2 protein chains.
Amino acid sequence: MAKIATLITDQFEDVEYTDPAEAFKKEGHEVVTIEKEAGNSVTGKQGEATVTIDQSIDNANPSDFDALFIPGGFSPDLLRGDERFVKFAKAFMDDKKPVLTICHGPQLLITAKSLEGRKATGFKSIKVDMEYAGAEYHDKEVVVCGNQLVTSRTPDDLPAFIRESLKLI
Amino acid sequence: MAKIATLITDQFEDVEYTDPAEAFKKEGHEVVTIEKEAGNSVTGKQGEATVTIDQSIDNANPSDFDALFIPGGFSPDLLRGDERFVKFAKAFMDDKKPVLTICHGPQLLITAKSLEGRKATGFKSIKVDMEYAGAEYHDKEVVVCGNQLVTSRTPDDLPAFIRESLKLI
């Protein structure tokens with residue numbers, strides 16, 4: 001079973017965390033939420049979900065995890081202003097471990113400069129950002145690149161995103 | 001006196017609209033807020049400012065305005081998901097009219113592909129996006145490029161942003 005690092009902070013897109021997290025746990029995987037401080041509560045932008053942080057980014061080591069999950073909303077943009085989260089995400093891309101991300105999640109990978117040459121999708125507002133960052137953008141419900149990177153666009157894509165993510169972890 | 005088109009929607013950074021708008025009006029300029037529908041109310045992300053929209057983007061013609069102002073926050077990312085706002089912003093860049101933008105505002109210019117070769121700054125989380133988009137990023141309180149484009153990083157930069165914006169309009 002996989003131990004999945006999840007980078008999340010306030011203003012995440014509620015169902016983009018809750019639905020995959022529930023599906024991953026149901027299959028026996030462990031979802032570990034990571035933000036600035038363990039014990040922090042972070043709240044989704046719809047106000048529907050509150051998540052307690054399991055681990056501080058300061059104590060989180062990518063080598064302790066099998067995969068990375070980045071839900072969307074404004075959370076990824078808030079996280080990428082802090083270099084610790086960018087470095088953490090980059091390590092998974094460099095090590096070719098599964099990276100599962102939806103909506104605005106690829107913003108963290110842009111800042112990590114980890115999208116160059118990758119096939120991916122994301123929320124329409126970041127399409128041009130992703131292309132400038134060297135990604136080959138596909139307007140599809142889910143894109144799987146190199147048996148490693150799973151990306152989707154919006155909450156409507158969650159069934160496909162969860163299906164392809166579960167295949168990789 | 002200048003007629004300043006202002007692209008704004010919910011989750012704008014409150015003082016990044018209110019402070020410049022007040023300063024522009026005090027000097028006799030006209031600030032026209034533009035979003036989807038005239039009469040809409042949009043609210044800042046701090047919940048401190050509510051702005052009534054003057055004009056619908058559908059009726060807004062760039063040639064009716066002397067300058068463009070884009071406050072930051074999450075408003076620019078929400079707007080650039082709609083091609084009408086991207087085209088509107090692009091017209092000011094193409095016509096070399098003053099474009100005044102702070103924080104996340106340059107996101108609209110990235111999607112418009114209008115930052116290539118320009119000197120600019122912006123909020124730290126979009127630095128890499130701006131560089132990928134061809135901008136020469138400077139970590140300074142205000143950057144003025146080509147006597148046209150005024151950019152700043154955060155609310156702390158507002159005095160410099162307002163000072164340089166007023167010189168151009």
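This is a predicted model: local features need pLDDT of at least 70, side-chain atom pairs count only at pLDDT 80 or more; totals for chains, interfaces and linings use all residues.
Me: Why are E5 and E10 of chain B called edge strands?
Reply: The open sheet of chain B has seven strands in the order E5-E2-E1-E6-E7-E11-E10, with mixed pairing. Strand E5 (55–56) and strand E10 (143–145) each pair on one side only, and they are the edge strands.

Me: Which strands show that helix H1 of chain B packs on the sheet?
Reply: Helix H1 (residues 14–26) touches E1, E2, E6 and E7 of chain B. The direction of H1 makes about 145 degrees with that of E2(B).

Me: Why are the buried residues of H6(A) said to line one face of the helix?
Reply: The buried residues of helix H6 (residues 158–168) of chain A are A:Leu158, A:Phe161, A:Ile162 and A:Ser165. Seen down the helix axis, they fall within an arc of 95 degrees, so they line one face. These residues pack against helix H1, strand E7 and strand E11 of chain A.

Me: How many residues of chain B are in contact with chain A?
Reply: Contact requires C-beta atoms within 7 Å, and 13 residues of chain B are in contact with 13 residues of chain A. H5(B) gives the largest share of the chain B side, three residues.

Notes:
Residues are numbered from 1 along each chain as its sequence is written. Chains are lettered from A and ligands numbered from 1 in the order in which they are written. Two residues are in contact if their C-beta atoms, placed from the backbone, lie within 7 Å. Helices (H or I, at least four residues) and strands (E, at least two) are DSSP runs, numbered from the N terminus. A residue is buried if 20 or more other C-beta atoms lie within 10 Å of its own, exposed if 12 or fewer, and partly exposed in between; C-beta atoms are placed from the backbone. The arc is that of the directions from the helix axis to the C-beta atoms. Two strands pair if DSSP finds at least two bridges between them. Axes are lines fitted to C-alpha atoms, for helices over the stretch in contact, and angles run from 0 to 180 degrees between N-to-C directions.
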